[in-house]
Amino acid sequence: MQVDAIPLALRYKIQYPDEFINAIKRGEILATKCKNCGATYFPPQRDCYNCGKNEMDWVKIDNEGELMTYSIVFQKPQGFENYDNYVIGIVKTKDNISLMVWIKGEPKVGTKVRLTTDGIRLIGEVIK
């Protein structure tokens, strides 16, 4: 079934800090942690929504987690049309941080995954 619709094009630019982008390129995943109350944020935040302070530290996120849920993407969004079908999942780390990552391997809810990057995206590799 095909539905005619008005094409929708959105253009936006997300500006992440250099520390975060450079860590992704190195294969690391960083979050920010409030120096005042200890709240941790991913994606990184400049201000703490918990206590309102703006003094944050960069912290490395644990590289293992549990796959909480996942979806296989057959209908790809604009810009991803040339990719093969892929799996996106939510992984909760031992630090109790939830991340949306591309899943590599055979996904199953509750399995352990190793978190890394491919230099651009966050990757969760299923641990056998």
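In this talk a residue is called buried if its relative accessible area is under 20%, exposed if over 50%, and partly exposed in between, using a 1.4 Å probe and protein chains only. By that rule tyrosine 41, with a relative accessible area of 14%, is buried.

Good morning, colleagues. The structure above is a predicted model, in which local features need pLDDT of at least 70 and side-chain atom pairs count only at pLDDT 80 or more, while totals for chains, interfaces and linings use all residues. Residues are numbered from 1 along each chain as its sequence is written, and side-chain values use heavy atoms, with hydrogens and water left out.

I begin with the aromatic residues. Rings of Phe, Tyr and Trp (its six-membered ring) pair if their centres lie within 6.5 Å; planes under 30 degrees apart are stacked, over 60 edge-to-face, and the rest tilted. This rule gives nine aromatic pairs. In one of them, the ring centres of phenylalanine 20 and phenylalanine 42 are 5.9 Å apart and the planes stand at 50 degrees, so the pair is tilted. Phenylalanine 20 belongs to helix α1 (residues 18-26) and phenylalanine 42 to the loop between β2 (40-41) and β3 (56-60), so this pair ties together parts 22 residues apart in sequence. Helices (H or I, at least four residues) and strands (E, at least two) are DSSP runs, numbered from the N terminus. Phenylalanine 20 is buried, at 7% relative accessibility.

Tyrosine 41 pairs with tyrosine 49 edge-to-face, at 6.0 Å centre to centre and 80 degrees between the planes. Is tyrosine 49 buried or exposed? Tyrosine 49 is exposed, with a relative accessible area of 63%.

I turn now to the strands. Five of them close into a barrel in the order β4-β5-β6-β8-β7, with mixed pairing; two strands pair if DSSP finds at least two bridges between them. Strands β5 (residues 86-93) and β6 (residues 98-104) run antiparallel, paired over six bridges. Within this pairing, glycine 89 has valine 101 of β6 as its bridge partner.

Finally, threonine 93 lies in strand β5. What is its relative accessibility? The value is 5%, so threonine 93 counts as buried. Leaving aside neighbours within four places in sequence, threonine 93 is in contact (heavy atoms within 4.5 Å) with Ile61, Asp62, Glu64, Gly65, Leu99 and Leu115. Its side chain also reaches the backbone nitrogen of aspartate 95 at 3.1 Å. Thank you.

Definitions and conventions. A polar contact is a pair of N or O atoms within 3.5 Å; within protein, one must be able to donate a hydrogen and the other to accept it, and residues adjacent in sequence count only if both atoms are side-chain atoms.
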